[in-house]
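Please read it with the coordinates open.

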Amino acid sequence: MSIKKVLVVSYSQTGQLTNLTDSVLFPLYEKKDIEVVIKSIRPKKAYPFPWDFMTFMDHFPESIYLDPPEIEEIEDDENDYDLVILPYQVWFLSPSLPITAFLKSEYAKKKLKDKPIITLIGCRNMWVMAQEKMKILLKELDAKLIDNIVLIDQGSSFSTFFTTTRWMMTGKKDRWLGIFPYAGISEKDIKNASRFGWAIKEALELDKEKNDSPLCSGLKAVNVDEKLIKSEQIATKSFSIWGKLIRKVGPLGDAKRKPIVMIYVIFLFLIIATIVPLNMLIQTIMRKVNKEKVLKQKEFYAAPSGNTDERMKDFLNNE
Ligand SMILES: Cc1cc2nc3c(=O)[nH]c(=O)nc-3n(C[C@H](O)[C@H](O)[C@H](O)COP(=O)(O)O)c2cc1C
């Protein structure tokens, strides 16, 4: 068997996505005939962490409109890769700005064309709209999406609204007030993500990456929460309308944008306190009425890897 070459291009602020990626990749290092090349995306202007709230919110217009920031040029090599793994985090229901910049780079144009791609998302819990944008970006590169793996922060949607926000604003991940869980993806979920690596390793040995079909099906790669789909669609619309206006006022970081961003934040809080609960009730009823439609939607967003678990026993705890 010839050597299989796997390219991994990634960015992580807190290191969470790096840990997740390492867990997925470690089975690949077991094989001498698999070469893994990891490239980091380095934004020319580093993003702050922890974030202050206004700087955080100031980034939504560029995120939603996929305006690429400047990144350091990725050093080219002569490798012709067999598989590309793209770990990414979601920023404002869109692929994060660093990964967007990578996907619009000359390097990506050259290296991803016609290649099978596995996306690996680590985020709070709202990733569906971001992956739709990712599909468009990959299509523009003539790349072939064969798998999507998603891991989300532990706890309910209500809990993570507080724990993830607190983590982003203070850097603190610990249990909070005795009621909220640790922020971020659970250690157990990160460890168990190596099942994807074992499945990818086996598939590479059998040349399955050439088949244009998923390598990670049957491994519970994604779980689409139907309760969040409509919220993501509505929020995307709202971000798009306000983002368009804010981008017209000035570039990212411009002081002139601050008052409008502030007005939008107040507007958001008012909406969250009033219309969101009412809308949640309406959506619960609508989902009951449109059961078939919801099932179809779930299936669509779960593709290509799906959320079934029939191969878990073969690949979980394989070490
Ligand atoms: C600016 C910003 C916006 C974010 N927006 C979302 C979002 O829309 N949906 C979501 O599930 N997570 C969101 N997150 C959480 C990230 O996807 C991710 O979980 C977190 O930033 C940790 O990633 P890291 O590996 O880069 O540290 C956001 C984080 C940041 C910093």
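1. Does Trp167 count as buried or exposed? With 24 C-beta neighbours inside 10 Å, Trp167 counts as buried, since the cut-off for that class is 20 or more. The model is predicted, so this and every other count below is computed from predicted coordinates. Trp167 sits in helix α7. Setting aside residues up to four places away in sequence, its contacts are Lys172, Lys173, Ala183 and Gly184. For one of these, Ala183, the separation from Trp167 is 16 residues in sequence and 6.5 Å in space, C-alpha to C-alpha.

2. The ligand. The shell around the ligand holds 20 residues, and those that come nearest are Gln13, Thr14, Leu17, Cys123 and Arg124. Four elements supply at least two shell residues each: α1 (16-25), β4 (90-91), β6 (116-123) and α7 (157-170). By residue class, the shell divides into ten nonpolar, nine polar and one charged.

3. Domains. The domain assignment of the protein chain gives domain 1 as 4-224 + 303-315 and domain 2 as 229-295. Their centres, taken over C-alpha atoms, are separated by 24 Å. The contact takes 14 residues from domain 1 and 15 residues from domain 2. On the side of domain 1 that touches domain 2, the elements giving two or more residues are α2 (53-58), α3 (60-64) and α6. Of these, α3 gives the most, with four residues. That side of domain 1 divides into eleven nonpolar residues, one polar and two charged.

4. The nonpolar core. The largest nonpolar core has 68 residues, and within it Leu93 and Ala199 touch the most other members. Domain 1 and domain 2 both give residues to this core, so it lies between them. In soluble globular proteins, nonpolar side chains tend to be buried together. Ala199 is in contact with Leu215, Cys216, Leu219, Arg311 and Phe315, when residues up to four places away in sequence are not counted.

5. Leu93. This residue lies in the loop between β4 and β5. Leu93 is buried, with 23 other C-beta atoms within 10 Å. Leu93 also has a positive phi of about 60°, although it is not a glycine. Most residues other than glycine have a negative phi, and most peptide bonds are trans. Helix α6. The helix covers residues 128-140, which is 13 residues. At 1.5 Å a residue it should span 18 Å, and its end C-alpha atoms are 19 Å apart, which agrees. The buried residues of α6 are Val128, Met129, Ala130, Met134 and Leu138. An α-helix has 3.6 residues a turn, so residues three or four places apart point the same way. What covers the buried residues of α6 includes β4, β5 (94-95), β6, β7 (144-152), α10 (226-249) and α13 (291-302).

6. Asp142. Just after α6, Asp142 takes a positive phi of about 60°, and it is not a glycine. Asp142 lies in the loop between α6 and β7. With 11 C-beta neighbours inside 10 Å, Asp142 counts as exposed, whereas Leu93 is buried.

7. Cis peptide bonds. Pro50 is found in the loop between β2 and α2. Another joins Ala303 and Pro304, with omega about 0°. Pro304 lies in the loop between α13 and α14 (312-315).

8. Val37. Where is Val37 placed? Val37 is in strand β2, residues 34-40. With 13 C-beta neighbours inside 10 Å, Val37 counts as partly exposed. Leaving aside neighbours within four places in sequence, Val37 is in contact with Lys5, Leu7, Val8 and Asn79. Val37 and Leu7 are 30 residues apart in sequence and 5.0 Å apart in space, C-alpha to C-alpha.

Technical notes
Residues numbered from 1 in each chain as written. Predicted model: local features only at pLDDT ≥ 70, side-chain atom pairs only at ≥ 80, totals over all residues. Near = placed C-beta within 6 Å. Nonpolar A, V, L, I, M, F, W, Y, C, P; charged D, E, K, R; others polar. Expected span 1.5 Å × (residues − 1). Buried ≥ 20, exposed ≤ 12 C-beta atoms within 10 Å, placed from the backbone. Contact = placed C-beta atoms within 7 Å. Core = buried A, V, L, I, M, F, W, Y, C linked by C-beta atoms within 7 Å. Domains from an automatic or database assignment.
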